[in-house]
Amino acid sequence: MSGARHISLLGKCRQRLAILRQFLRVGLVRKAQFRIDFLAQVVMDLCFYSVHIITFELLFGMGDGFTIAGWDRAAVRVFLGFLFVADAFMMTWLSQGWFLPQDIKNGNLDPVRLRPAPSILVYFFQRFSPEGAVNFLCAFSYLGYGLTTCGPLSADIIWTLPLALFLCIWAEVVVAVGLGALEFLFVNSDLSRFFIEMAQTASGKPLDIYKRRVRQFLILVLPVGVLAHVPAEIVLGRCHGLELLGQVTWQILLGLAVFALFRRSFKRYESALS
Amino acid sequence: MSKALALLAHDLRLLRHTTEYEFRKVLAFRVGFVVRELLNGVAHPAVMICLYFALYAQASSEAIGGWSFPEIVGYMILSACVQKMLFHHRLLEVADQIFTGHLTKFLVMPFRFFTLPLGRFVQNTLLQVAIATLCYFAGLYLVPDWWPRPASPSAAAQAFALVLLGSACFLLAYYCLAILAFWLDVVWSLSVMFMFVANFISGRMIPVSQMPPIFEAIFRWTFPYWALSAPIELFMGRTPEGFFLEGLGILLPTLLALELLRRVLWRLGRRRYVGAGM
């Protein structure tokens with residue numbers, strides 16, 4: 001019995017990987033046709049990164065030895081590195097989420113409901129973007145640069161980096177799915193897009209600039225603080241031991257709850273919601 | 001002459017109707033209205049105030065880059081108000097209409113297509129000016145110590161004029177980018193790219209006069225600077241004599257150049273347009 005269950009789980013994993021592989025293939029074929037758009041989107045994201053980098057560099061350049069709520073220039077570079085990685089992941093795999101309000105309104109989700117795979121996987125991951133993958137490389141390079149400006153790469157940094165990256169990407173999925181669930185409750189409200197923008201704005205700065213309760217809300221409830229702030233704290237050695245274990249456990253449980261909420265909200269969907 | 005006047009009267013009537021329908025549309029979904037129209041543009045200045053608070057808390061002097069903390073707070077509050085009034089790329093659908101071939105049904109009708117986006121511009125401007133004014137006076141009543149006040153009534157009027165002209169420039173710039181859809185398959189990335197750069201140049205992140213002088217010297221030649229950072233400084237009385245005229249000297253020629261560019265692109269684009277969509 002347990003052997004059959006094991007094979008079944010393995011089969012499910014294989015099926016989902018096969019779906020992702022197909023999305024990836026279709027994304028590559030699509031971009032092979034829209035070559036100027038490919039270039040434009042790469043440059044667009046580089047503009048986004050540049051504006052963030054220049055803004056912080058200008059702020060730090062206003063005085064010697066400036067810090068922002070305990071974050072010096074090198075630490076902010078690590079923070080920005082994670083922010084860019086989270087953004088690149090969203091652009092690479094989750095960009096379909098931007099169209100959710102429109103798709104609900106137009107009744108385009110019927111095929112998603114009918115397909116034999118989880119709705120979150122089939123809907124949110126359907127639009128693979130190769131230009132996002134290129135920007136992933138840029139984001140990783142900047143993260144690497146940020147880590148090297150903090151000092152020599154220690155074993156602690158190398159050990160914690162995969163965990164920090166996992167949390168960063170997990171949080172990106174949780175935020176996109178969680179805010180998407182709002183659209184089923186308030187049709188045509190554009191709430192998910194608005195809150196994603198709010199989330200990006202709030203999480204684009206180290207969270208120590210906010211009061212404790214706001215910070216806790218942004219990490220433990222929303223959880224946009226886990227896109228960049230928490231991963232940066234982990235690799236910078238500011239979050240370790242039991243605190244780190246608790247953080248990881250909470251984020252995974254929160255994510256699973258959010259996925260369940262989305263599935264429940266999806267049941268409210270009817271083709272003629274608009 | 002009488003034919004031209006009749007055409008103008010026809011366009012104005014259409015503009016009034018379009019504006020009215022645009023109002024109905026934004027008011028149709030109340031949650032969406034509150035989120036999109038009332039809260040739009042508020043988050044970023046609020047976050048920047050928190051960031052500046054952290055920065056000023058450990059600075060040795062009261063002013064950084066010529067700005068004290070209360071002045072920066074005032075700047076960010078006004079930035080939120082101005083940002084609401086400025087036209088943004090999401091208000092345009094022309095690229096999608098070209099891409100899907102839906103433009104055809106407008107082209108065969110007896111009016112100029114640009115009147116429709118213009119109607120949306122008028123609706124958005126009227127609504128956002130009303131909301132920004134309400135928010136401004138509500139804030140002035142609730143937190144008068146922190147709320148910025150105009151240096152003089154004429155400074156406020158001049159700042160308002162610059163914002164409106166700047167917003168019109170944004171309309172035309174985004175429109176020109178959108179109608180590149182006659183040639184390109186996807187143009188939203190160009191608009192977003194322009195938005196990122198324009199946000200920075202306009203001083204939405206940091207007041208331009210707080211940046212190194214070379215930035216200010218360059219940005220003063222561009223319309224985004226005169227649409228946000230310059231009007232705010234004018235409103236706060238931080239500008240020299242003749243600043244308003246300098247702004248008009250940049251904004252008016254830019255407006256004319258963008259309008260010319262729009263007409264040329266539209267004419268060339270329509271020659272290519274086959275109405276097939278994708």
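Predicted model: local features only at pLDDT ≥ 70, side-chain atom pairs only at ≥ 80, totals over all residues.
**View 1. Where chain B meets chain A.**
Here we're looking at the place where the two chains touch: 38 residues of chain B are in contact with 37 residues of chain A. Put together, the chains bury about 3,300 Å² between them, and carbon and sulfur atoms account for 79% of that. On the chain B side, look for Val47(B), Leu51(B) and Phe196(B), which lose the most area to chain A and together make up 16% of what that side buries. How many salt bridges does the rule find across the interface of chain B and chain A? It finds 0. As for polar contacts between chain B and chain A, the count is 1 residue pair, with both residues at pLDDT 80 or more.

Sort the residues of the side by type and you get 29 nonpolar, 6 polar and 3 charged.

**View 2. Aromatic rings in chain B.**
A pair of aromatic rings is described by the distance of the centres and the angle of the planes. Over all chains, the structure holds 45 aromatic pairs. One of them is Phe170(B) with Phe194(B), an edge-to-face pair at 6.3 Å centre to centre with 65 degrees between the planes. Phe170(B) sits in helix α8 (residues 153-178) of chain B and Phe194(B) in helix α9 of chain B, so the pair ties together parts 24 residues apart in sequence.

Phe182(B) lies in the loop between α8 and α9 of chain B and Trp266(B) in helix α13 (residues 243-272) of chain B, so parts 84 residues apart in sequence get tied together. Phe182(B) is buried at 8% relative accessible area, and Trp266(B) is buried at 14%. Both belong to a cluster linked by ring pairs, whose other members include Phe106(B), Trp183(B) and Tyr273(B).

Side chains of opposite charge can pair when their charged atoms come close. In this view, Arg73(A) and Glu57(A) meet in a salt bridge of 2.4 Å, N to O. Arg73(A) is in helix α3 of chain A and Glu57(A) in helix α2 (residues 35-60) of chain A, 16 residues apart. Arg73(A) is partly exposed at 32% relative accessibility, and so is Glu57(A) at 23%. Arg77(A), also in helix α3 (residues 73-93) of chain A, counts as buried because its relative accessibility is 14%. Beyond its close neighbours in sequence, Arg77(A) is in contact with residues including Glu57(A), Tyr142(A) and Thr149(A).

**View 3. Two partners for Arg220(B).**
Which residues form salt bridges with Arg220(B)? Glu216(B) does, with the closest N and O atoms 3.4 Å apart, and so does Glu246(B), at 2.9 Å, N to O. Glu246(B) lies in helix α13 of chain B, while Arg220(B) is in the loop between α10 (213-219) and α11 (223-227) of chain B, 26 residues away. Arg220(B) is partly exposed at 22% relative accessible area, and Glu246(B) is partly exposed at 33%.

Note on methods. Residues numbered from 1 in each chain as written. Chains lettered and ligands numbered in written order. Heavy atoms only, no water. Contact = heavy atoms within 4.5 Å. Buried area = accessible area lost by both parts, 1.4 Å probe. Salt bridge = Lys/Arg side-chain N within 4 Å of Asp/Glu carboxyl O. Polar contact = N/O pair within 3.5 Å; in protein donor to acceptor, adjacent residues only side chain to side chain. Nonpolar A, V, L, I, M, F, W, Y, C, P; charged D, E, K, R; others polar. Helix = DSSP H or I, 4+ residues; strand = E, 2+ residues; numbered from the N terminus. Buried < 20%, exposed > 50% of the residue type's maximum accessible area, 1.4 Å probe, protein only. Phe/Tyr/Trp six-rings, centres within 6.5 Å; stacked < 30°, edge-to-face > 60°. Lists of a residue's contacts leave out its neighbours within four places in sequence.
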